[in-house]
Amino acid sequence: MSYFAGNYDVLVIGAGHAGIEAALAAARLGCSTAIFTINMDSVGNMPCNPSIGGTAKGHLVREIDALGGEMGKAADKTTIQNRMLNRGKGPAVHSLRAQIDRRAYSQYMKHTLELCENLHLRQAEITDLFKGDDGWHCVTQLNAEYVAKTVIIATGTYLKGKIYVGEVNYESGPDGTFPSNSLESALLKLELPLRRFKTGTPARVLRSSIDFSQLEVQPGDETVTPFSFSTDPETINNESVCYISYTNDATKEVILRNLHRSPLYGGVIEGVGPRYCPSLEDKIVRFADKKRHQLFIEPCGLDTEEMYLQGMSSSLPEEVQIEFYRTIPGLQNVQVMRNAYAIEYSCIDPLALKVTLEVKGHDELYGAGQFNGSSGYEEAAAQGLIAGINAALKVKGEEPVVLSRSSSYIGTLIDDLCTKGCSDPYRMMTSRSEYRLLLRQDNADERLCELGHRIGLLSENDYEAFLERQRLKIKEVERLENSFMAPSEKLNELLEIRGTVPMKTGVRMSDLIRRPQLSYSDLAEFDKERPELPAEVAEKVEIEIKYSGYIERQAAQVKELVRLENRMLPDGINYDDIKGLRLEAVEKLKKVMPSSIGQASRISGVSPADITVLLIFLDKQDRKGESL
Amino acid sequence: MGKTIAAVATPQGEGGIGIVRISGDGAVDVADKVFRSQSGKVLRDAAGYTALFGGVWRDDEKIDEAVALVFRAPKSYTGEDVVELSVHGGSFVVNCVLRAVIDAGACLAGRGEFTERAFRNGKLDLTEAEAVMEIIAADGEQALRASMAAKGGAVSKKCAAVKESLTFAAATVAAFSDFPDEEPEFSGIDRLEEMLVNAEDELDRLCANYDTGRMIRNGINTVIVGPPNAGKSTLMNLLVGCERSIVTPVAGTTRDVIEETVRFDGLTLRLSDTAGLRETEDTVEQIGVKLTRERIESADLIIAVVDGADVDRDETAELLDGIKGRPAVVVLNKSDLNVADKTVAESRGLPCVLMSAKDGTGLLEFKNLIKTVTNTANLTGAEGVYLNERQRDCAVRALKNVREALDALRCGMTVDAVGVCLDDAVSALMELTGERVTVEVANKVFEHFCVGK
């Protein structure tokens, strides 16, 4: 018999990176919210790499911050090394990444949840989930029954989790936690289309067992860039270093000799692993001609001696792991503290979700994070934020928030998942966006702060700061477009050193900055009127001027897209009745039920000819509507 | 359920055979109402690809003997059920049959509706659909061959190859961006410039072929110019084979631009005979002269006709100077009266022929010169990579984008900027092949179709 444990607006199952953002967003928007975790010490845990950000993922964190989410702030507070990747490849792909003190991060997040108004954090395993007349019911293992208007499922790798290490396998959540087994049956009873995915993590090793003299050192950047627009860069810790080493023929030999003991190659694991984050044995088999593979050795925190072996995940038996790790320079005597493992878990086919992250056919039930088929902390947090916002808006009876592909990587991520689906754990990459030059990490605030403020998540302070940055930027761009720089011997000397044409007459400052060989800061000493600007504003100014032509081009591409996005497909459209659609297209359209022509055009299996048919169909409908 | 459509599928006019085509879910039922087979078998029971002999009836009156050919969806031109009723040619009979079919429940097909249905049912891609349109409209043999090749997908294939290589380049840029710079060097990006240069060459060639393709398809837009009474109209009449222009010995009698179509050796010339290029105070003639100058600017071919006796006159020098550098053939006419010196034309780089428009001397050489000048001498339309206007528009855009990508790359911009240009190029080519749909494309293509196909 269960006991009644309370009425809520929003219940969140799981307190990982998705659950945290979901619960904070809902509670901050005024909804009474409860969030459940199987283990109170695993809130906001980082069971894999001790870092946040990286290519495209760094963009996601910035966007979460611009909307008023927590991840960026938490990462800045617990950073131990800060790096901007791909500085040489252009502003579209500058990507921020920070090494994180993982225990400190978890602590920060737990404390933030505890302090949040309207929010209850509970250690409990949800074992049943069903809809009653009064809303959704969540029942815990200890028979507490919670009732809520909306529920967000953010179970990560816990759902029917199973760990594999060589021939050994057992039911478990990540990092030695309990799995969530009973909930899966409840979800199957709701007829959710569940599937098995898998992911893996490398070993953690003892710092003092590593010979650092054989390793390349990788320090943080000289100048620090925070994730959050609200963080003062001065406050960020950037003192830790990472190390680089490489595998060799001996590593390869050990792995190939033991490949038959891998549960993956032995066919024991049925779950599909992430294509872009393969285990070492996967890399060695798939890229057989590659001589060596790089690995990063990263600290897990400030007050621990555990080191993480990035790029070396494996599901081979423990003794094989030890053997192959010890073939790597610097790791000859390495002591493995936690073994590498693969974990298999249940998740939903995201084609069963609307772009609001609500489950189709199950109103008020939402999915977020790895449960939706993604991989990565940042992807999870991004979805959690949107699911939390939309659950809260649903409770309030307001229109949901749907981010477009052209607005953000968050929008791209969710559209990809819900429109194209995924056949392996989905990882965000810059190449997934067709609008990379518009969706930069430096302008995430310009793209999303208005929305964050309107929703009510972005604080007045942060919003005011954003408006101030905008004012400064616009003013400086205007100044540079309208003032001229006189030629001088010293300036021409610089121009020649940089390999660009010296000046004979005055040149517009913006035109000088547009020269690829010159930077905004290069010209500082020749520009007497230049105001003192915060680094993030100076960055925006430079990019906006230097890339103006290309940015405008991409903006034109967006305009074209928006026309198709705005061509809405009516609810309850019966694709069987539309003459001329191919059978495959009818099936796919019925499954996805796209909201617009734009979304329909991205469904695999729907051809341009099918889109033409839909356009003609809509035209006819419109004409019918007019004649009525 | 979609409506069933019908139209006459063969050209209007007298012919050995005329076909009425019916397409749609109700095609077989409609046909059964008008067609009675000799064997007594009904079309409803006929399998696809079978023919029945019988007659077409309207009420109790037999219109004509007919063969009914049944196609079952999706194995038909449109991808729907189709019945073709072949009757004896002649517009009266064929139109009677069509009327009977309409009375039996079919709707008259709209412009290009059969092909539109074929496109929508996935039987044709966009460039193939366009090719069908061109086959119907094809004037001249070479045009027909080029269109046939296009229907076979030559344009698609050629463009798809360029598109593939550009897509690969775009993917390389994207992948390069995805790899953090701390990882071992990503290979492939160093070949980007080479990939772009190759694509530039291909696109350049495609666009350059456009003019030739257009001339084959639409005919060579030709202007005949020359001083009054040099024999322009006589030459035109020689080519046309009948008197079309008003020919009188009084200078200045041709005032309007007169258009005529001439076919030889598979080429089509669209001739405009013009008012002479004489300065005149006669207002009507002035308008004619202005029109002539405009035509010279836009013509594919200019035929300058000069009286062989006038080669030394200032007007002749003036005329030939005016067309220098344009694709032109100079005819020194009236060779039956005097043999002129070709220097006046050849010194200006203009090919020249001595000719008598009156008796036809020099005609063969004249035709050969035309082929040389218009670059159509050795054409086999079957190469089939001639773009139409819409396709050219896309290809030109793609070319422009590729060049901008190259500029960005060469002047040292980062690859993300190069990528923006590349994306535009790929998307222009996808528009060309119909893989990317814009509302405009679908409309643009189908409004040009004629009824019946």
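1. Helices (H or I, at least four residues) and strands (E, at least two) are DSSP runs here, numbered from the N terminus. With that settled, one thing to keep in mind throughout: this is a predicted model.

2. Most residues other than glycine have a negative phi, and most peptide bonds are trans. You'll find A:Asn118 in the loop that runs between helix H4 (102-115) and strand E6 (119-123) of chain A.

3. Chain B has its own backbone feature to look at. Going from B:Ala73 to B:Pro74, the peptide bond is cis, and its omega is near 0 degrees. B:Pro74 belongs to the loop between strand E5 (61-71) and strand E6 (82-88) of chain B.

4. Next, how does H2(A) pack against H11(A)? Helix H2 (residues 57-66) and helix H11 (residues 444-455), both of chain A, have axes 8 Å apart and an angle of about 35 degrees between them. Their crossing is right-handed. On the H2(A) side, the residues are A:Arg62, A:Glu63 and A:Ala66; H11(A) answers with A:Ala444, A:Asp445, A:Arg447, A:Leu448, A:Cys449 and A:Gly452. Sorted by class, this contact of H2(A) with H11(A) has 4 nonpolar, 1 polar and 4 charged residues.

5. H11(A) also packs against H12(A), at an angle of about 145 degrees and with the axes 10 Å apart. This crossing is left-handed. H11(A) brings A:Asp445, A:Glu446, A:Cys449, A:Glu450 and A:His453 to the contact, while H12(A) brings A:Glu460, A:Tyr463, A:Phe466, A:Leu467, A:Arg469, A:Gln470 and A:Lys473. The contact of H11(A) with H12(A) splits into 4 nonpolar, 2 polar and 6 charged residues. If you compare the lists, A:Asp445 and A:Cys449 turn up in the contact with H2(A) and also in the one with H12(A).

6. Now for salt bridges: a search over all chains turns up 62 in the whole structure. One of them joins A:Arg479 to A:Asp527, with the closest N and O atoms 2.7 Å apart. A:Arg479 sits in helix H12 (residues 460-482) and A:Asp527 in the loop between helix H14 (509-514) and helix H15 (535-546) of chain A, so this pair ties together parts 48 residues apart in sequence.

7. What about the place where the two chains meet? The size of an interface is often given as the accessible area lost when the parts come together. For chain B and chain A that comes to about 3500 Å², with 53% of it on carbon and sulfur atoms. Chain B puts 40 residues into the contact and chain A puts in 42.

8. Which residues make a salt bridge between the chains? The rule finds 2 salt bridges across this interface, and one of them is A:Arg553 with B:Glu404, whose closest N and O atoms are 2.3 Å apart. Chain B and chain A also have 8 residue pairs in polar contact, counting pairs with both residues at pLDDT 80 or more. On the side of chain B that touches chain A, helices H3 (113-120), H6 (154-178), H13 (389-410), H14 (415-433) and H15 (439-446) each supply at least two residues. H14(B) gives the most, with 7 residues. By class, that side of chain B divides into 17 nonpolar, 8 polar and 15 charged residues.

Methods:
Residues are numbered from 1 along each chain as its sequence is written. Chains are lettered from A and ligands numbered from 1 in the order in which they are written. This is a predicted model: local features need pLDDT of at least 70, side-chain atom pairs count only at pLDDT 80 or more; totals for chains, interfaces and linings use all residues. Side-chain values use heavy atoms; hydrogens and water are left out. Axes are lines fitted to C-alpha atoms, for helices over the stretch in contact, and angles run from 0 to 180 degrees between N-to-C directions. A crossing is left-handed if the near helix is turned anticlockwise from the far one by less than a right angle, and right-handed if clockwise. Contact means heavy atoms within 4.5 Å. Ala, Val, Leu, Ile, Met, Phe, Trp, Tyr, Cys and Pro count as nonpolar, Asp, Glu, Lys and Arg as charged, and the others, Gly among them, as polar. Buried area is the accessible area (1.4 Å probe) that two parts lose on being put together, summed over both. A salt bridge is a side-chain nitrogen of Lys or Arg within 4 Å of a carboxyl oxygen of Asp or Glu. A polar contact is a pair of N or O atoms within 3.5 Å; within protein, one must be able to donate a hydrogen and the other to accept it, and residues adjacent in sequence count only if both atoms are side-chain atoms.
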